[in-house]
Amino acid sequence: MADTKFSIIIPHYNIPDLLERCLNSIPKRDEIQVIVVDDCSDNHSVSILKNKLELIYTNVQFVYLEKNSGGGKCRNEGLDRAKGKWLLFADSDDFFSENLSLILDKYEFDDSDIIYFRVDCVLSEDVTKHSHERDFNKWRIDEYLSSNEERVLRFLHSEPWGKMIKRDLINTYDIRFSETKVCNDYYFSALSGFHAKKIKADELYLYCVTVREGSVSYSTDSVEKIKTRIQVAASVESYLYNHGYKLEEKYKPEKIDHRMLVLMKRDWRLGINMLFDIHKKGLPILPIIGSMIKIFIKNRLDGLKLIYK
């Protein structure tokens with residue numbers, strides 16, 4: 001049997017039909033390890049996985065969690081089982097492009113730590129129809145290729161998919177996903193981008209994101225989700241700060257000051273407590289408060305301009 005060169009990790013929860021579409025987009029090659037981690041789906045979905053998909057996709061390793069824990073936990077379970085030189089990630093409602101085999105062959109022996117690719121975006125119900133968000137990461141690739149500004153990829157490409165990552169990089173720095181319900185990929189992507197010694201970008205499409213009602217990425221944020229996003233962003237910024245690196249505002253996909261203002265409007269007591277928590281992480285809070293005040297004043301002034309226009 002061929003050595004494992006690529007490990008593809010896919011979290012799954014209650015959408016076995018879409019997972020099947022995703023698995024169909026992955027070529028069956030001995031050097032590709034596919035790991036599906038089920039996040040404690042309902043009995044009906046688990047039955048389909050065990051009685052249908054496991055029988056069809058004998059090359060896929062299925063892992064079943066006993067407790068619903070979110071995509072971050074699923075990806076960490078996959079990382080613990082990964083054997084490939086390269087890591088790739090997919091969400092179970094998305095799929096890989098027809099370029100996947102070509103890309104794997106092209107970069108199998110590349111000396112980069114991370115390679116970034118273009119990502120397409122279509123409607124899940126009809127993949128022939130492109131979403132208005134098509135090429136939403138195109139500008140990142142274009143800016144990097146035209147200006148060689150690496151931060152647009154290292155920090156703004158905060159999703160785990162659409163890239164190939166060396167497993168040695170992840171293991172060397174013990175990088176893992178946040179085990180939260182939302183925003184569980186930002187910490188992983190930011191730290192891997194920060195520690196990567198060499199990165200590269202390719203204009204080829206590796207992956208296709210689908211837009212689907214009810215998915216985590218497109219649902220409205222509750223207070224708890226806003227709180228989680230702030231906590232994850234603070235963890236990233238405090239990690240970088242404690243390693244002597246200050247991330248510029250324009251390279252932050254999750255902005256603490258903006259999220260804090262939204263949270264303060266809904267629950268100001270919780271917002272104040274979170275500022276103290278951020279301070280405990282070793283991150284200076286005075287710049288955050290100052291930025292919040294500036295944003296608040298600007299928004300009020302913009303509102304007055306509209307009233308008296």
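Reader: Is R154 buried or exposed?
Author: R154 counts as buried, at 11% relative accessibility. Buried means under 20% relative accessible area, exposed over 50%, and partly exposed in between, with a 1.4 Å probe and protein chains only.

Reader: What kind of model is this?
Author: This is a predicted model, where local features need pLDDT of at least 70, side-chain atom pairs count only at pLDDT 80 or more, and totals for chains, interfaces and linings use all residues. Residues are numbered from 1 along each chain as its sequence is written, and side-chain values use heavy atoms, with hydrogens and water left out.

Reader: Back to R154. Where is R154 found?
Author: In helix α6, residues 151–154. Helices (H or I, at least four residues) and strands (E, at least two) are DSSP runs, numbered from the N terminus.

Reader: Which backbone oxygens does the R154 side chain reach?
Author: A polar atom of that side chain lies 2.6 Å from the backbone oxygen of G193. The R154 side chain also reaches the backbone oxygen of A196, at 2.7 Å. A polar contact is a pair of N or O atoms within 3.5 Å; within protein, one must be able to donate a hydrogen and the other to accept it, and residues adjacent in sequence count only if both atoms are side-chain atoms.

Reader: And what else does R154 touch?
Author: Leaving out residues up to four places away in sequence, R154 touches residues including Y116, S189, F194 and I199. Contact means heavy atoms within 4.5 Å.

Reader: Different topic. How many salt bridges are in the whole structure?
Author: A search finds 23. A salt bridge is a side-chain nitrogen of Lys or Arg within 4 Å of a carboxyl oxygen of Asp or Glu.

Reader: What does E20 pair with?
Author: E20 forms a salt bridge with K52, and the closest N and O atoms are 3.1 Å apart. The pair links distant parts of the chain, 32 residues apart: E20 is in helix α1 (residues 16–24) and K52 in helix α2 (residues 43–56). E20 is buried at 19%, while K52 is partly exposed at 37%.

Reader: What about K198? Which residue is its salt-bridge partner?
Author: D111, with the closest N and O atoms 2.8 Å apart. K198 sits in the loop between α8 and β9, and D111 in the loop between α4 (100–107) and β6, 87 residues away. K198 is partly exposed at 34% relative accessibility, and D111 is exposed at 52%.

Reader: Now strands. How many bridges join β6 to β9?
Author: Ten, and the two strands run parallel. V122 stands opposite T210 in β9. Two strands pair if DSSP finds at least two bridges between them.

Reader: And which way do β6 and β7 run, parallel or antiparallel?
Author: Antiparallel, with two bridges between β6 (residues 114–123) and β7 (residues 126–130). A hairpin of two residues connects them.

Reader: Last one. Why is α3 largely enclosed?
Author: Helix α3 (residues 71–81) is largely enclosed by the rest of the structure because eight of its eleven residues are buried. Among them are C74, R75 and L79. The cover over the buried residues includes β1 (6–12), β4 (86–89) and α8 (186–195).
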